[in-house]
Amino acid sequence: LYDQEKEGSPKYLSELAAQYQRNHDYLIQFITFYDLQMIVEEEQWKQIDSDL
């Protein structure tokens, strides 16, 4: 998980992966904090539904 707005040591790994991707068939997927929040909310709704 890499926050592009708050760079740090993971920036090196992200750049390394992007460099590798340019020369190979390699998929990089980014998950935002918004995506994570949506997953949490969906799981909470599932839990509520199963409790009913």
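**A guided tour of a predicted chain**

Buried residues, those under 20% relative accessible area with a 1.4 Å probe and protein chains only as cover, make up 4% of the 52 residues in the chain. The model is predicted, so local features need pLDDT of at least 70 and side-chain atom pairs count only at pLDDT 80 or more, while totals for chains, interfaces and linings use all residues. Residues are numbered from 1 along each chain as its sequence is written, and side-chain values use heavy atoms, with hydrogens and water left out.

Begin with the whole chain in a cartoon view. It shows two helices and zero strands; these are DSSP runs, with helices (H or I) of at least four residues and strands (E) of at least two.

Next, display the C-alpha atoms. They fill a box of roughly 50 × 25 × 10 Å along the principal axes. The radius of gyration of the chain, taken over these atoms, is 16 Å, whereas a compact globule of 52 residues would have one near 10 Å. The globule rule is 2.2 Å times the number of residues to the power 0.38.

Now select Tyr20 and Tyr26. Their ring centres lie 5.1 Å apart and their planes stand at 85 degrees, so the pair is edge-to-face. Rings of Phe, Tyr and Trp (its six-membered ring) pair if their centres lie within 6.5 Å, and planes over 60 degrees apart count as edge-to-face. The structure holds one aromatic pair. Tyr20 is partly exposed, at 40% relative accessible area, and Tyr26 is partly exposed with 40%; the term covers values between buried, under 20%, and exposed, over 50%.

Terms used
Phe/Tyr/Trp six-rings, centres within 6.5 Å; stacked < 30°, edge-to-face > 60°.
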